[in-house]
Amino acid sequence: MFERFDTRDIAVNGTVIRCRVGGSGPALLLLHGHPQSHVMWHRVAPTLAEKFSVVCADLRGYGDSARPGASPHHAAYSKRTMAQDMADLMTRLGFAQFRLAAHDRGARVAHRLLLDHPGRVTRAMLLDIAPTLAMYEQTTEAFAKAYWHWFFLIQPAPLPERLIDADPAAYIRDVMGRRHAGLAAFAPEALQEYLRCIAIPGTATAICEDYRASAGIDLEHDRADRDKGHQVLTPLRVLWGAEGAVGRCFAVLDLWREAAADVSGKALDCGHYIAEEQPAQLLEEMREFFAI
């Protein structure tokens, strides 16, 4: 995987971010979700690198990026802080502006980056999320059952950390394997990377702090933007899995049109892990939306 990409560790915003960089052309930043790493893009990144300077980054706390510890109000894992990581990363790599595609947790970081750093991103694609504030405010029984980990991971330390650390591999297999496509959706070498990274010391704390921030300080930031009428102005393409919980439980496009000025999107024939379940469809969408 990523044979023609360089691996870099770059110090930004008080932490260190691991990324893979490859290709040439306009910059395209790819952000992953939980409990994965940049490796989730392995089926699409090489093709994208034929047209773009592709940057696949590990979010702080994930993959081989650094793992800051717990902090008051979980601020070290606020999406504002994590978005600043990525804005600084792209600056360090020499990209004043860039395109952005992001999945799951990375898409929540991307949402905050679009709000906090207007003008940096020329076009953004978000995969299988609705806005975080709307998802919490509109939680139903069906959503709570499907996204049980949202409510497990935010419990006070050290309960969820202790349970994850007791068997990290089981956590990966249970969280990822219980979704629509099961573990068969993942290439063996990619799954091994997810298993390796979940076992790195500090990962459980980082994951929990990420989710605690989303249920606390991130909602404060989101409500402040809503109260001020702040919207995403960057053209936004939203895709979700027709077999996933987000599309079943939320009016995805309607919610994004409340949060952004220029939104298009649709469901794809897959579950949550779009880049690994439907890479060909995703590449087609990306070529069209990010056309140069």
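**View 1. Histidine 74 in its loop.** Histidine 74 sits in the loop between β4 (53–57) and α2 (79–92), here in a predicted model. Although histidine 74 is not a glycine, its phi is positive, at about 60°. Most residues other than glycine have a negative phi. With a relative accessible area of 24%, histidine 74 is partly exposed, because that value lies between the cut-offs of 20% and 50%.

**View 2. Aspartate 104 in the loop between β5 (98–103) and α3.** Aspartate 104, a residue other than glycine, also has a positive phi, near 55°. Its relative accessible area is 6%, and aspartate 104 is therefore buried, since buried means under 20%.

**View 3. Two cis peptide bonds.** Histidine 34 and proline 35 are joined by a cis peptide bond with omega of about -5°, and proline 35 belongs to the loop between β3 (27–31) and α1 (45–48). A cis bond also runs from alanine 157 to proline 158, with omega near 5°, and proline 158 lies in the loop between α6 and α7 (159–166). Most peptide bonds are trans.

**View 4. The largest pocket and its lining.** The largest pocket holds about 340 Å³ of space and is lined by 18 residues, with Pro131, Leu133, Arg226, Glu258 and Ala259 nearest its centre. At least two lining residues come from each of α3 (105–116), α4 (132–137), α11 (217–228) and α13 (252–259), and α4 gives the most, with four. By class, seven of the lining residues are nonpolar, six polar and five charged.

Methods
Residues numbered from 1 in each chain as written. Predicted model: local features only at pLDDT ≥ 70, side-chain atom pairs only at ≥ 80, totals over all residues. Heavy atoms only, no water. 1 Å grid on protein atoms, 1.4 Å probe; cavity = no way out; pocket = protein on both sides within 12 Å on 5 of 7 lines; lining within 4 Å. Points joined across faces, edges and corners; volume = space filled by probe spheres on them. Nonpolar A, V, L, I, M, F, W, Y, C, P; charged D, E, K, R; others polar. Buried < 20%, exposed > 50% of the residue type's maximum accessible area, 1.4 Å probe, protein only.
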